[in-house]
Amino acid sequence: DQTTKVIWISNYRPWKRIELFFELAKALEKLECRFELVYGKTPDNYLKMIISDSNDCTGNLEICGELSSHEAEKRIEQSSILVNTSLPYEGFPNTFVQAWLRETPTVSLEIDPGDVINREKIGYVSRDFKRFVSDVEYLIKNNNLRKEMGKRARQYAEKVHGLNGNRENYVRFFNSIVQ
């Protein structure tokens, strides 16, 4: 399937601002793309409220709900862009590394741990919602740029977060334990 897919994946917490993903899908509903919402541990009443407020954008939005780790990884791999709408209250989202290892660039509304997204040019950090929408739209429309960012994202993730890039650190750590 060659459809451009934008994925939001996380557990529910109020600061994750899941409702902004619905607003993003609505703002970009005229584009040829799909939006996928993968969530876990979300209170039913909260999600029902958001869905009822966002009924008119569901044509381009698939609500996947809670998935197994394997299925979530598969969804990320099939996605073109990972988006993050969280307030900057959390550290380094695991989903960033999961996406980057699958050559999926990130558009984050606010979170950029250690300025890595900007520094490595592996996505965008928008800082406000209007810019967030335009950054996602720009990447949807620019397949070559998206692929370049994705390749850089994978190189970065393998170097910094992968086993090969950290082999010496692991050896040092285990040697220190043995000694």
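Helix α1 passes helix α6 in a right-handed crossing in this predicted model. Two packed helices are described by the angle between their axes and the distance between the axes. Here, α1 spans residues 19–27 and α6 spans residues 129–141, and the pair packs at an angle of about 55° with the axes 10 Å apart. On the α1 side, the contact is made by Leu20, Glu23, Leu24 and Ala27, while α6 brings in Phe129, Phe132, Val133 and Val136. Sorted by class, that makes 7 nonpolar residues, 1 charged residue and no polar ones.

Turning to the loops, leucine 87 sits in the one between β4 (81–84) and α4 (94–100). Its relative accessibility is 22%, so leucine 87 counts as partly exposed; the cut-off for buried is under 20%. Leaving aside residues up to four places away in sequence, leucine 87 touches Trp15, Arg17, Glu110 and Ile111. Proline 14 is 73 residues apart from leucine 87 along the chain, yet their C-alpha atoms are separated by 9.2 Å.

With a relative accessibility of 13%, serine 80 counts as buried. With residues up to four places away in sequence again left out, serine 80 touches Thr3, Thr4 and Lys5, as well as Thr104, Pro105 and Arg146.

Conventions
Residues are numbered from 1 along each chain as its sequence is written. This is a predicted model: local features need pLDDT of at least 70, side-chain atom pairs count only at pLDDT 80 or more; totals for chains, interfaces and linings use all residues. Side-chain values use heavy atoms; hydrogens and water are left out. Helices (H or I, at least four residues) and strands (E, at least two) are DSSP runs, numbered from the N terminus. Buried means under 20% relative accessible area, exposed over 50%, partly exposed in between (1.4 Å probe, protein chains only). Contact means heavy atoms within 4.5 Å. Axes are lines fitted to C-alpha atoms, for helices over the stretch in contact, and angles run from 0 to 180 degrees between N-to-C directions. A crossing is left-handed if the near helix is turned anticlockwise from the far one by less than a right angle, and right-handed if clockwise. Ala, Val, Leu, Ile, Met, Phe, Trp, Tyr, Cys and Pro count as nonpolar, Asp, Glu, Lys and Arg as charged, and the others, Gly among them, as polar.
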